[in-house]
Amino acid sequence: MEKISGLGHLFMTVFLYNFSIFMVIPAITDVTMSALCPGEDECSLAIYLTGIQQAIMGLGTLVMMPLIGNLSDTYGRKSMLTVPMCLTIIPLAILACSREKSYFYAYFVLKTLISMVCEGSVHCLALAYVADNVPENQRASVFGILSGISSSAFVCGNLSTRFLSTPSTFQVSASVAAIATVYMRVLLPESMADEIRRNTKEEEVSISLLDEDRNSRKNQVRVFKTMPSFDDTVSLLRSSLTFSQAAIVAFFTSLGDVGLHAALLYYLKAKFHFSKDQFADLMVINGISGTVSQMVLMPILAPTIGEEKLLSMGLFFNCTHILLYSIAWAPWVPYASAMISLLAVFAHPCIRSIVSKQVGPSEQGKAQGCISGLCSFANAVSPFAFSPLTALFLSANAPFHFPGFSIACAGFAVMIAFVQSIMIRAVHPISSFKVRNYSCVAEP
């Protein structure tokens, strides 16, 4: 019963946090365009700035995600959740005050710096929390439900944007982000692994009364070990073939997804003159499809056909719906493409579930942080490839007429992930062992 209550509070925390983040997405494109290129439907400066921001955020989270995951293995999921959730409020509060050019630049700088720590960290820590409290044979379904909660927040956030003015959107977003932080600190219990760590620390404190110097040295070693090194990441990736294959799939999937989302709104605005309301409608369709898929279909399909096949299925349809966006010939085509996401959202929960079964209970934060770090690396690489392509093919200087060319390239990146996913074979999970022990045995 305590586990169920803990997961319920975690789901509510994730819902409130994502609600506050997602509700500003339809509005931020118009705010950016108004601040940088008022009165225009195409703005290369906005595209390049968005790409630079995404690259800097990706490089920052590439370093921070493994660190946050490791620290959560030592100091607890709840403690580490507090940092990103508090920091996220600041840039939202800036645009809640004003959307003038100076305020936008202040938002842009702070959003970039804070996202180097916060981007994806709440989701990463939530996954580790679930892995702490859910048996292996149920993780795929619960990971799917967690993603479904995020999708439902996506729907509710975008629906609320549809009926709010732009100033009210940012004011409500900042308020909900603050409520989410307070809710998490007051009601979310420590995870099972956190309780074990706390009990262990209490025992160590009693032992330290007998040998204070020895305990001090132990604490120094423990703090040092929370700092992930490149060798630690390589060792983790080499711990099993399944883990390394899942890491490759995660990288190319994120590369394609980021390429799509970075270009899509500017592409639709330039080609079909979409605005905040059309963006919100499109995102609501995406969100409803994702919610139904992850909360209804995935718990049914995952135990039946297995995570590996479900992963390949999701990547196939993800690739299909991205390519359909790229060749949209009428305003209704993006809406039809969004509906395909009903079968395209299985990939990330399946990857996370596969990875969680390849490490021990005390290394869930490290494993999820490693995958999040690779996804962040994809976030950093993607703008260098897709932002120039988007700006070029939306301009009058395009080498040939194909406004959705950068989106088509994103679809090909997901196709690479799909091909790699076919090669993943089910193996007996090694979660009863720690990765470092496995590595010592595996290497002569």
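## Helices H2 and H6

Axes here are lines fitted to C-alpha atoms, for helices over the stretch in contact, and angles run from 0 to 180 degrees between N-to-C directions. H2 passes H6 in a left-handed crossing, a term used if the near helix is turned anticlockwise from the far one by less than a right angle, with right-handed used if clockwise.

On the H2 side, Ile28, Val31, Thr32, Ala35 and Leu36 meet Lys101, Phe104, Tyr105 and Tyr107 of H6. Contact means heavy atoms within 4.5 Å. The residues of this H2 and H6 contact divide into seven nonpolar, one polar and one charged. In this scheme Ala, Val, Leu, Ile, Met, Phe, Trp, Tyr, Cys and Pro count as nonpolar, Asp, Glu, Lys and Arg as charged, and the others, Gly among them, as polar.

## About the model

This is a predicted model, in which local features need pLDDT of at least 70 and side-chain atom pairs count only at pLDDT 80 or more, while totals for chains, interfaces and linings use all residues. Residues are numbered from 1 along each chain as its sequence is written, and side-chain values use heavy atoms, with hydrogens and water left out.

## The overall fold

The protein has 20 helices and zero strands. Both are DSSP runs numbered from the N terminus: helices are H or I with at least four residues, strands are E with at least two. Of the 444 residues, 54% count as buried, where buried means under 20% relative accessible area, exposed over 50% and partly exposed in between (1.4 Å probe, protein chains only). Among contacts in the protein with a separation of 6 or more, 85% come from residues 24 or more positions apart.

## Aromatic pairs

The structure holds 12 aromatic pairs. Rings of Phe, Tyr and Trp (its six-membered ring) pair if their centres lie within 6.5 Å; planes under 30 degrees apart count as stacked, over 60 as edge-to-face and the rest as tilted. One of these pairs joins phenylalanine 104 and tyrosine 105, edge-to-face at 5.8 Å centre to centre with 65° between the planes. Phenylalanine 104 is buried at 2% relative accessibility, whereas tyrosine 105 is partly exposed at 34%. Phe104 and Tyr105 also belong to one aromatic cluster together with Tyr107 and Phe108.

Phenylalanine 251 is buried, with a relative accessible area of 17%, and phenylalanine 252 is partly exposed, with 22%.

Helix H3 (residues 44-75) and helix H18 (residues 364-393) cross at roughly 170°, and their axes come within 7 Å. H3 and H18 are therefore roughly antiparallel to each other. Their contact residues divide into 13 nonpolar, 17 polar and two charged.

Helix H4 (residues 77-87) and helix H9 (residues 166-187) likewise have axes that cross at roughly 170°, coming within 10 Å. That makes H4 roughly antiparallel to H9. Here Lys78, Ser79, Leu81, Thr82, Met85 and Cys86 of H4 meet Ala180, Thr181, Met184 and Arg185 of H9, and the residues of the contact divide into five nonpolar, three polar and two charged.

## Three residues to look up

Asparagine 18 sits in helix H1 (residues 2-22) and is buried, with a relative accessible area of 12%. Not counting residues up to four places away in sequence, asparagine 18 touches Ser150 and Ala153. Alanine 93, in helix H5 (residues 89-97), is partly exposed at 30% relative accessible area. Alanine 93 and alanine 177 are 84 residues apart in sequence and 9.8 Å apart in space, C-alpha to C-alpha.

Isoleucine 351 lies in helix H17 (residues 347-356) and is buried, with a relative accessible area of 2%. Leaving aside neighbours within four places in sequence, isoleucine 351 contacts Ala246, Val249, Ala250, Leu311 and Ile371. Its C-alpha atom is separated by 8.5 Å from that of glutamate 308, 43 residues apart along the chain.

Definitions and conventions. Parallel < 35°, antiparallel > 145°, perpendicular 65-115°, else oblique.
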